[in-house]
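Please read it alongside the sequence and the structure.

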Amino acid sequence: MTVPPLAPYPHSRLRRLRQTDWTRRLVRESEVRPSDLIWSMVVHEGEGTIPVASMPGVERLSVKDAAKAAVRARDLGIPAIAIFPHIDGARKDAAGSIAADPDGVIPRAVKAMKDAAPEVGIMCDVALDPFTDHGHDGVVEGGKILNDATIDRLIEQGLMQAEAGADILAPSDMMDGRIGKLRAALEAASHQDVMIMSYAAKYASAFYGPYRDAIGSAKLAGGQGDKKTYQMDPANTEEAIREVALDIAEGADMVMVKPGMPYLDIVRRLVETFRMPTYAFQVSGEYAMIMAAAQNGWIDKDRAILESLTAFKRAGAAGIITYFAPWAAERLGA
């Protein structure tokens with residue numbers, strides 16, 4: 001795009017448009033609204049709420065409290081909630097056997113939330129890591145994460161979530177080919193209206209630590225190493241283009257970049273390349289850093305949160321998955 005020539009100073013004074021609040025609002029290019037937010041939330045199997053130590057202000061919610069949160073989201077104008085499970089470690093095993101349990105905490109939470117606030121969309125994580133005792137997102141054999149065997153398990157999990165009433169399935173496993181197989185399974189089971197938001201560009205990031213604490217999967221057990229054989233290398237951009245192109249071709253309705261703030265360049269490039277609804281996940285580490293710095297008096301919390309959310313919109317994101325959603329929606333207004 002060619003930029004037209006500007007009149008020289010003093011005929012052009014760019015500060016004229018910054019001199020008052022009303023002029024700044026009048027020419028503002030990017031704006032965050034409650035309708036841009038997806039509330040990231042952890043639900044647990046017991047009663048009441050449990051604070052997450054590494055994420056000040058975030059709590060694991062019971063099914064009953066999750067239903068109340070759905071009502072709050074509706075009243076705040078938040079269109080959707082993404083739910084993640086905290087599972088008792090004694091119930092986990094190497095295969096993640098209870099991931100597709102129709103009586104598990106996720107389907108119970110989905111049903112309760114849809115009963116309480118049917119207007120609010122519910123997005124479910126399709127992945128095995130909250131349910132495995134080794135903490136990986138897939139089936140492990142001989143120290144290797146098996147791609148196709150993992151997909152079979154994910155399809156069982158995703159179909160269970162769809163049956164429970166989930167509106168969006170969000171596979172976060174990064175196995176090759178899982179979007180196409182999940183889409184085919186949904187069509188075959190008459191769940192053609194269930195949407196897929198693919199974790200299409202999910203990086204092997206250091207910013208997930210507090211989330212793993214929140215879901216009780218803080219360490220990769222059993223000497224199984226890291227997740228670099230399936231999550232993306234943080235150094236790569238072209239690979240993200242290929243990942244997203246494949247997921248769109250396989251039937252993804254929306255795509256996601258995770259983490260968010262360190263990967264704004266990826267968000268921008270995907271939006272410009274594919275013109276698809278593209279979301280950024282402001283992950284737990286991003287949340288924890290802002291909150292920790294604010295609690296130490298090093299930054300202004302309110303300004304930092306709103307500035308970070310605006311950055312995602314400026315990069316072109318259609319919306320943001322964030323733990324700050326209810327806080328931000330209260331301040332942004334409907």
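This is a predicted model: local features need pLDDT of at least 70, side-chain atom pairs count only at pLDDT 80 or more; totals for chains, interfaces and linings use all residues.

1. Residues are numbered from 1 along each chain as its sequence is written, and side-chain values use heavy atoms, with hydrogens and water left out.

2. Searching the whole structure gives 17 salt bridges (a side-chain nitrogen of Lys or Arg within 4 Å of a carboxyl oxygen of Asp or Glu).

3. One of them joins Arg 33 to Asp 36, with an N to O distance of 3.6 Å. Arg 33 is partly exposed at 42% relative accessibility, whereas Asp 36 is buried at 4% (buried means under 20% relative accessible area, exposed over 50%, and partly exposed in between, with a 1.4 Å probe and protein chains only).

4. Arg 72 and Glu 330 form another salt bridge, their closest N and O atoms being 2.7 Å apart. Arg 72 belongs to helix H2 (residues 63-76) and Glu 330 to helix H11 (residues 325-332), so this pair ties together parts 258 residues apart in sequence (helices, H or I, of at least four residues and strands, E, of at least two are DSSP runs, numbered from the N terminus). Arg 72 is partly exposed, at 36%, and Glu 330 is also partly exposed, at 44%.

5. Lys 227 pairs with Asp 137 in a salt bridge whose closest N and O atoms are 2.6 Å apart, and both residues are buried. Shared partners link Asp 129, Asp 137, Lys 202 and Lys 227 into one network of salt bridges.
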